[in-house]
Structures are given as structure tokens and as C-alpha cells.
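Here is a short briefing on one chain, grouped by topic. Keep the sequence and the coordinates open while reading.

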Amino acid sequence: TFNEWSKLPTLERTGKKLLAELNSNFDFFKLLDNITISRSRKHITKYYDINAIGKFPNRLTPKTYQSEITSIPDFINIEDLYKKLTRLSLSLYTPFDYILPGKQSFYADVYDTKIDGKSSLKQTTREQSLQKLMRVNLLKRLESSVDSFRITLEKFVNAVDGSIKNIEKFENTGSALSAETTQISDVNLDAESDDWLDDEFSTNGKVKINLADMNTAGWKQDLLQDVHIARDILEEMQKVSPELDSKLNDLKNCITDKIENQINEGNKKVIIFTAFADTANYLYKHISDWASETHDLHSAKITGTGTNLCTLDTSNQFNNLLIHFSPRSKKRKSEHDGEPEIDILIATDCISEGQNLQDCDTLINYDIHWNPVRIIQRFGRVDRIGSTNTDIQLINFWPQISLDDYINLKGRVEGRMIMADMTATGEDNVLTNQSSDLQFRKQQLEKLKDEVIDIEDMDSGISITDLGLNDFRMDLINYINTGKDLSSVPNGMHAVCPKKPEKGIDEGVIYVLKNINADVNIDDINQLHPFYLVYIKQDGEILSNHLNVKNTLDILRAMAKGYDEPIPEVYELFNNETNDGKNMSTYSDLLENTIESIINVKDDSDIDSLFSSGGTTALMNNVKGLEDFELIAFLVIK
């Protein structure tokens, strides 16, 4: 279902559309409902009593920086630098392209993946995918920091030099040396590690090709061209010292501005996110001492690889550093009150999920993650209930070129590639991007330049909060724990609640019906069978049908929870309209439309009988697919 949905044009590829398609088989939802609990910011704001559980902080308009690489005169401009990067053939990763024609079938038999004796994934395809993955990685490292980019270039140059020397040794001695290549399965896609470019780049010979079976002259020529381009770029990058690093200086100015113009009085805390451990190391090295000397602030660095560091005299253990950075949200023990705290936290995405760091009110993305979901997840560390901050600020460092140019560049760099993975979290897929996907990401990134949006607002998928029923189970348990009993409640009861147009809840009725024949489930797709919930507008429009169970229950919960007495200003309207319940024709008509929306059956007299005190005797043998309905309850919204 997801694969088919992902092929739709950008404007049609919405979360609502995916949810509708998934409704055709509810097994997936049942599984998630059994094993997950998840609540989004919007879900909590809409359906919970914020005054009771605490408010979210106000999200200020994001700030944007587009830093140059350096202020050095006559330094290579960013467009020319990108052009040079795209000229790299990266033939280091595609030795199969240079196997002599007479030997190609031999190596294909050895290294192609086969199922039932047929090639299903060619080694040449793997290498081409890896080649483009590395090109993307170079681009991302350049976007991150000068130092991260330099480290990658140096490793690349060393690796290419090693292959050239290997070829030259073969040319001089004629000995049966072999070429080895990195495999895509060995590449760490976590973005933190650059192990794939170590001097020993060859993954212990998983794929070996005898140089005697290769066009070594052609391969050597392409390798020499690459190393010439890479060294030329590297030489230019070596000119950029930390003092001349414009992006680093912009970051320092950004921190200084935050401290001098505090968003929340007394709060100097900042989180700086980067995709790469190398960039985190570089920032810590040049920010920590500066922050201590200039602003008397302590700094820390946390990455998923390498050693965590801190200017405080404390343990560098992961959780200890987070507690010192956000002691209130982490509930630090009272005996540590008054101890020095960390105010600047530099981190990779190893802390982008599942951490309460809302003591902080400012989050900086030093490099923009290509997946917009990750940007939102990062901001979620400070955008949390229980924050003592009135306002919170997101600051993004964007690439130095326009978003249109950036999207076009990524399109040229990545091309049309096979899928590497497809995960429910919307994780970054570095190997794909057809033109529609690029435009899709562009729209998402454009939104993030002007506002902090929720994942569900991106209209690019569905949230787990759309699927689970845990909130309602907890309401039921809490109700029963008060000693109340539902077994004696008669069918057909109703209540009247005020509409809430600001939350998209208009005048209408929510009907709760029950199919008495428990063996019947229309199309096997109603999650709550034998119960059917439908929210119908006053004019007869179905606002939420019997398949959209979670949405209808959310509305019911939002309208009724917290009320234990009838609301005169709305039930009096209802009583006047129906002559104290004696004239229910309007609600009979709406119920008729409701049942019609489920099974497309119309019979006025039978529908009317559902409101009779004697229970349901109608619809017997008259309803195709269902033998009978009972009206359990209905909620009128006025």
C-alpha cells in the first residue's frame, strides 16, 4: 500500500490518502495499537486539558543563516566548488567497470547475487549505488563544516593514492595483485562515522579482482583525474583556518546574540545539532574555550561515536552530561542544586529522540538534515510539555545556495536510484530521489524556513497517534476505578455538547450503533465491529465515517471529557428543536444518512424505529450485509 501511495503525484500524496488506503486492511493498525503508545504535540493540544498537564512553549519564527565558507578574497565560490565535486568520477568504488570483457562473466558469476540460478542484484549495480552514495556524502560533509569536508577529502585522496600505487606496482612487477572495493553493506549510513574512507578502505577483500583481468590503464587514468580534482579542492580548503571560517564565526555571533538578548530571562542554554561527529568535534574544540572565556559558560559534546567531552569537572557519561545540561527536566537530585551547569550542548542525532531537554530554549541546526522529519525531531527536545520557557527558538544554518538550486543539485548528484530502505519513521533514504520526490522534499523544507511545523502538518504520512486506542482504554479504566458501572446504562441515551469550530468540530451528530449479528462485519474492515461510529454534519455531510474510528473517538473524547453535568445552553436548544424529544424527524433523517453511508440502505420507517423505547426491531432481513442495528447512544453537537 505504501509503495503504491509513494508513486502518486506530490499533491495527491497526503497522509489522509494513505490512511484511507490502509483502511482496507486493519491488521496493521491492530498490531500498532497493541504495541505502541504515541502522542503528538497537536494531538495533546487538541484532546487534553492543557491547564491540567502543562502548556507547550510558544514557538518563535525560525531564524535563518546562510554563511559563506570564508571571507578570504578570491576564494573559490560555492557554485564552482559544487561543479568540481560533480566532476569526480569516484571510480575508486566501481572497479567492475574496468574488468576486461572476456572476464566479466567470470566475476559476475562470483559476485552477483543469485536466486534460483538467476542474477537478481548485480555487483555493478551495487558499486554504482555506492558511488552515488559517496557523492552525496561529500556534498553533505561540505554543507556541514569545512573541517568535516577536509577530513573526508584527505581520506579519499589517501584511498585513491593507495589504489594508484597498487596499479603501478602491478605494472612494474607484473605480480598478480588484486583490486578490492568497499561494499554498500559496509557503509555506515548513520552520518556520524566516516570509517568507509579510512586508509584501509577495502573491507578485508570481500570483493577482489585480479588486476591482470582489468583495464588498469583506463582505471588509473580516471583515478589520477579524481585525485587531481580532490587535491585541488583540498588545497583550497586548507586555507580556511578557524579564524577565517565564516560559518563558525556566524555561530559564535549567534550564541552571543542569544546571551545578550535572552528569549527567557536568565536562560543561556543552547543545543547545537550536527549530522556528523567530525563537525561536533570541530565545534567543541573552537566553541568551548571561547564560550568559557567570553561568556563564562560551560560546554559539552555528545556523539554516538568517539569520546564525550565537557568543560565541567564531571563524568563525561552520556546521561550525566544531559542531567547537567537540563537538570530540571531530568529531575536532578536536590542535593546537587546550585552546582555549575552546562549551557552549550553540541551533539549529533544520537540525542535527537527520547530526551527531555526543555530547560533549554534555543536549538541550532548547524547543518540542515536532508530529511525534514529529523529537523522536527531535534526541535522536539525543547518543544515539550513542562517547559518553564515562555518562548523557544529554532535557528537553521542553510546551504549557501538557493533552495531551488540546492534541490536541482541534489537531483543531478543522486539521479534515479534503487530504494535502500523504506521505514515507517520516514527515515532518510540517501539512494532515492526521482524528480517528484525532490519537489516533495523541497516543499517540506520550504515550510521549515518560515515556521516550525508538526510532522502531521507536513501532510506526508500518518502519525502513530492516528492509529492507537490507548487513550480511550485509560479513560475507561479510570471511570471504572471510581466505582461506576456501565452495565445498567440503557441504550439510546444522548447528550448535547457545544460545537468547537476552532478545533474543526461543527454542528452535527455522532451516532454509536451496534450490529447485533456478531458474525457480520462489512468488508472485514471495521476496527470496532460490532460497533459503528459515524460523525455526520447537520446538513447530512459525513464528516467522519465508520472506518475513521480513531478520528471519531478523538472528537467524542474532546467534546465530552471533563463534563459530568448537562450543559443548559445547548440542551435547551435541542429540546426546543425536538419539542422535548417528541419530534425526532431531523435526527431520524441524519441517522438514515448515517446507516446509508455504511451499507447504502434506505427505509424511513425502519430508521425511525431505532428511536423507539422498545429497542430495535427494524431492519430485520431488509439490510443487505447486516441483519440488525441497535442505537447505543448519540451525541448532538450544537
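Glu236 counts as buried, because its relative accessibility is 15% and the cut-off for buried is under 20%. The model is predicted, so the values here are computed from predicted coordinates. Glu236 still has a charged partner: Lys239, with the closest N and O atoms 2.9 Å apart.

**Salt bridges**

- Lys239, the partner of Glu236, is partly exposed, with a relative accessible area of 43%.
- One network of salt bridges with shared partners joins Lys269, Arg328, Arg332, Glu341, Asp343 and Asp359.
- The count of salt bridges comes to 22.
- Side chains of opposite charge can pair when their charged atoms come close.
- Glu4 and Lys7 form another of these pairs, at 3.6 Å from N to O.
- Glu4 is exposed, at 54% relative accessible area.
- Lys7 is exposed as well, at 63%.
- Glu171 and Lys220 also meet in a salt bridge, at 3.3 Å from N to O.
- That pair links distant parts of the chain, with Glu171 in helix H9 and Lys220 in helix H10 (residues 216-237), 49 residues apart.
- Glu171 counts as partly exposed, with 40% relative accessibility.
- Lys220 is buried, with a relative accessible area of 18%.

**Helix H9 and its neighbours**

- How do H9 and H10 run relative to each other? Their axes cross at roughly 150° and come within 9 Å. Angles over 145 degrees count as roughly antiparallel, so H9 and H10 are roughly antiparallel to each other.
- The crossing of H9 past H10 is left-handed.
- H9 also meets helix H12 (residues 277-295): the two axes come within 8 Å and cross at roughly 130°. That angle makes H9 oblique to H12.
- H9 passes H12 in a right-handed crossing.
- On the H9 side, the contact is made by Asp147, Ser148 and Ile151. On the H12 side, Asp278, Thr279 and Tyr282 take part.

**Ser145 and helix H8**

- Ser145 sits in the loop between helix H8 (123-144) and helix H9 (146-173).
- Is Ser145 buried or exposed? Ser145 is buried, with a relative accessible area of 3%.
- Leaving out residues up to four places away in sequence, Ser145 touches Thr279, Tyr282 and Tyr366. Thr279 and Tyr282 also belong to the H12 side of the contact with H9.
- H8 is mostly covered, with 18 of its 22 residues buried.
- The length of H8 can be checked. At 1.5 Å a residue, its 22 residues should span 32 Å. The end C-alpha atoms are 31 Å apart, which agrees.

**Loop residues**

- Leu90 has a phi near 55°, a positive value in a residue other than glycine.
- Leu90 lies in the loop between helix H6 (78-87) and helix H7 (104-111).
- Leu90 is buried, at 1% relative accessible area.
- Asp296 also has a positive phi, near 55°, and is a residue other than glycine.
- Asp296 belongs to the loop between H12 and strand E8 (299-302).
- Asp296 is exposed, with a relative accessible area of 67%.
- Gly54 is found in the loop between helix H5 (50-53) and strand E1 (58-59).
- Gly54 counts as partly exposed, at 23% relative accessibility.
- How far apart in space are Gly54 and Thr388? Their C-alpha atoms are 9.7 Å apart, while 334 residues separate them in sequence.

**Whole chain**

- The secondary structure comes to 21 helices and 17 strands.
- Of the 638 residues in the chain, 50% are buried.
- Consider contacts between residues at least 6 apart in sequence. Of these, 75% join residues at least 24 apart.

How values were computed: Residues numbered from 1 in each chain as written. Predicted model: local features only at pLDDT ≥ 70, side-chain atom pairs only at ≥ 80, totals over all residues. Heavy atoms only, no water. Helix = DSSP H or I, 4+ residues; strand = E, 2+ residues; numbered from the N terminus. Buried < 20%, exposed > 50% of the residue type's maximum accessible area, 1.4 Å probe, protein only. Contact = heavy atoms within 4.5 Å. Expected span 1.5 Å × (residues − 1). Salt bridge = Lys/Arg side-chain N within 4 Å of Asp/Glu carboxyl O. Axes fitted to C-alpha atoms, helices over the stretch in contact; angles between N-to-C directions. Parallel < 35°, antiparallel > 145°, perpendicular 65-115°, else oblique. Left-handed = near helix turned anticlockwise from the far one by under 90°.
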